[in-house]
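Welcome! Please take a look at the sequence and the model below, and then we will walk through some of the local details together.

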Amino acid sequence: MMVKQHMLFTLYSICGIVLKDILAVSGAQGQVPLVQNMTVTEGGTANLTCRVEHNDNTSLQWSNPAQQTLFFGDKKALRDNRIELVRATSQELTISISEVSLSDEGLYTCSLFTMPVKTAKAFLTVLGVPKKPEINGLTKPVLEGDHITLTCVTSGSKPAADVRWFKNEMEVKGAKEVNASGKTFTVKSSLRLHVNRDDDGVAYTCRVDHVALTATHEETTQVLEVHYAPYVEIRQSTNVPQEGQYLKLQCVPKGNPSPDPVLWTKDGGELPDMDRMIVDGRDLTFTSLNKTDNGTYRCEATNHLGTSHAEFKLVIYDAPTTPSPSTTSPAPTLPDTTGPLDSKQLNSAVTGNRDPNELKRATDHALIGGIVAVVVFATLCLIIVLGRYLARHKGTYLTNEAKGADDAPDADTAIINADGNHAHAEEKKEYFI
């Protein structure tokens, strides 16, 4: 009897253990750790979180790519001051890794110690920040006509950075080259230039764009200094220089280095009258012009790269006479020019710059007036000739009518004589017939 009771107790115990294991396995099947992949910039902080929806107080654990345990529950297992516990509960284990480096990149594992152990893996991606670009190949100063190659280099980017060139904020094309160095990339871009004087003072900028540079971009700028031989132009203060007037000739040289001072000459020799001609820096001033100042003036500028000059032919015109009040007319408008006037411009100045349409209308009016005068004159001549003709024929008629009446003593006799004459005339007509 005692043996039977013992056997039944043993059977019940085995059944209870088996039932407990079945329930444990059934509950464990609903416990799945959940993780997410992370992307962080080098030097930043990565937060790794592992969660389960249902947990029966089973421990959670984080391990690094080398399968070293970082945290087991709330217990720190690896001595690394950068790794800290953020939260540890029965349903969550969150840790942080500060000052992340490229070596921290890899696959991290969260383990749930059930029977069997369940795991989930999260990949930590670390972005390599590109270093500030450097521009090489520029020497200062550069001579006009030189060929130079500017090279921009940036390293440490992951993935490879994008390098662009700008000339005064306008993008220009460079030749790009990418080289891998471990987990990072070195990017180089070259820009070949044929330098001229227009490049003097131009800013060339190398700009680096990268996914790790979210708020801004890295860039470096170099300003070209180009040395070139001078070139010269002369400007005048008045367009039509006249006797007695003030005149300033301004010599404007452009070159790098700046050509200073300049040399003024007249007709190949020195300036003749230094009392009325004043040289002040680059300006030649005439205090009062006269006809002896006519000639060719030359300004010459020199720097270590060469010499250049410009010439100005000075022609002085007579001073205008004061017109009488009855003939006063508006002053002519002179053409806007920086050099001597040609014959056409001078003609325009003398005639007062009248509108060509106005001159044409005046010519047309004069022509029409001439035609009208000729027509009137011809009409008058025709009237005079016609009047003379009519007067002559009227006199002849009166004479024939009174023919034979000159010797008559009275009017009746004159009429009879006139009739007789008519009768005689009729007879003569009949005779001839």
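Val252 is found in strand S20, which covers residues 247–256; helices (H or I, at least four residues) and strands (E, at least two) are DSSP runs, numbered from the N terminus. With a relative accessible area of 15%, Val252 is buried. Here buried means under 20% relative accessible area, exposed means over 50%, and partly exposed lies in between (1.4 Å probe, protein chains only). Val252 and Ala310 are 58 residues apart along the chain, and their C-alpha atoms are separated by 9.4 Å.

A word on the background: this is a predicted model, in which local features need pLDDT of at least 70 and side-chain atom pairs count only at pLDDT 80 or more, while totals for chains, interfaces and linings use all residues. Residues are numbered from 1 along each chain as its sequence is written, and side-chain values use heavy atoms, with hydrogens and water left out.

## Aromatic pairs

How many aromatic pairs does the structure hold? There are two. Rings of Phe, Tyr and Trp (its six-membered ring) pair if their centres lie within 6.5 Å; planes under 30 degrees apart count as stacked, over 60 as edge-to-face and the rest as tilted. Phe72 and Phe113 make an edge-to-face pair, with 5.4 Å from centre to centre and 65° between the planes. Phe72 lies in strand S4 (residues 69–72) and Phe113 in the loop between strand S8 (106–112) and strand S9 (118–127), so this pair ties together parts that are 41 residues apart in sequence. Phe72 is partly exposed at 35% relative accessible area, and Phe113 is partly exposed at 37%.

Phe286 and Tyr297 also form an edge-to-face pair, at 5.4 Å centre to centre and 90° between the planes. This pair links distant parts of the chain, eleven residues apart: Phe286 is in strand S23 (residues 283–286) and Tyr297 in strand S24 (residues 295–303). Are these two residues buried or exposed? Phe286 and Tyr297 are both buried.

## Salt bridges

A search of the whole structure finds 20 salt bridges, each a side-chain nitrogen of Lys or Arg within 4 Å of a carboxyl oxygen of Asp or Glu. One of them joins Asp80 and Arg82, whose closest N and O atoms are 3.2 Å apart. Asp80 is buried, with 18% relative accessible area.

Lys167 forms a salt bridge with Asp199, with 3.6 Å between the closest N and O atoms. The partners come from distant parts of the chain, 32 residues apart: Lys167 is in strand S13, and Asp199 is in the loop between strand S16 (184–194) and strand S17 (203–209). Lys167 is partly exposed at 32% relative accessibility, whereas Asp199 is buried at 6%. Salt bridges that share partners also join Arg51, Arg87 and Glu92 into one network. Within this group, the side chains of Glu92 and Arg87 meet at 3.4 Å, N to O. Glu92 is buried at 11% relative accessibility, and Arg87 is partly exposed at 46%.

## Prolines and backbone angles

Two proline positions are worth a look. Lys140 and Pro141 are joined by a cis peptide bond, with omega about -5°, and Pro141 is found in the loop between strand S10 (134–136) and strand S11 (142–143). The peptide bond from Asn256 to Pro257 is cis as well, with omega near 5°, and Pro257 is in the loop between S20 and strand S21 (263–266).

Glu99 is a residue other than glycine with a positive phi, near 50°. Glu99 is in the loop between strand S7 (92–97) and S8 and is exposed at 57% relative accessibility. Glu169 likewise has a positive phi, near 70°. Glu169 lies in the loop between strand S13 (162–167) and strand S14 (170–172) and is exposed at 61%.

## A polar contact

His227 is in strand S19 (residues 226–236) and counts as buried at 12% relative accessibility. The His227 side chain makes a polar contact with the side chain of Glu225, at 3.2 Å. Such a contact is a pair of N or O atoms within 3.5 Å; within protein, one must be able to donate a hydrogen and the other to accept it, and residues adjacent in sequence count only if both atoms are side-chain atoms.
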